[in-house]
Amino acid sequence: TGQNQRIRIVSVENIREAYGAHYPDKRRRKSLLVQHWPMVEFDKHLTEQDELWAESSRESYESIERRAASFLQKLCQLPETNIVVVSHGVFL
């Protein structure tokens, strides 16, 4: 790769922290994220509000495992050969 080649930074909603019950795990509004990190390509399915987070319930480990499996399957289909994945502890 050349030095002038742009590195893609992509935010994927599906590899987020476990959602629900804990307020720090609630995602910020999409418009705020885009404003603060204009260099990031945000997931096209990302909604303005965090529709997955609920104050009264916590995501199950089974749900996290399904999200991880889905992400890994999509990751293996990417054409890129050098990929870095950064996520939260519960997800990893």
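The legends below describe close-up views of a predicted model. Local features need pLDDT of at least 70 and side-chain atom pairs pLDDT 80 or more, while totals for chains, interfaces and linings use all residues. Residues are numbered from 1 along each chain as its sequence is written, and side-chain values use heavy atoms, with hydrogens and water left out.

**View 1. The largest pocket and the residues closest to its centre.** The largest pocket has a volume of about 1800 Å³, a volume being the space filled by probe spheres set on grid points joined across faces, edges and corners. A pocket is an open set of points on a 1 Å grid over the protein atoms alone, where a 1.4 Å probe fits, with protein on both sides within 12 Å along at least five of seven lines; lining residues have an atom within 4 Å of a point. Of its 43 lining residues, Ile9, Val10, Ser11, Val12 and Ile15 are the closest to the centre.

**View 2. Elements in the lining of the largest pocket.** Two or more residues each come from β1 (10-11), β2 (41-42) and α2 (61-75), and α2 gives the most, with four residues. Helices (H or I, at least four residues) and strands (E, at least two) are DSSP runs, numbered from the N terminus.

**View 3. The aromatic pair of Tyr23 and Trp53.** The ring centres lie 5.8 Å apart with the planes at 90 degrees, so the pair is edge-to-face (centres within 6.5 Å, planes over 60 degrees apart; the six-membered ring is used for Trp). Tyr23 is exposed at 59% relative accessibility, whereas Trp53 is buried at 14% (exposed is over 50%, buried under 20%, with a 1.4 Å probe and protein chains only).

Key. Rings of Phe, Tyr and Trp (its six-membered ring) pair if their centres lie within 6.5 Å; planes under 30 degrees apart count as stacked, over 60 as edge-to-face and the rest as tilted.
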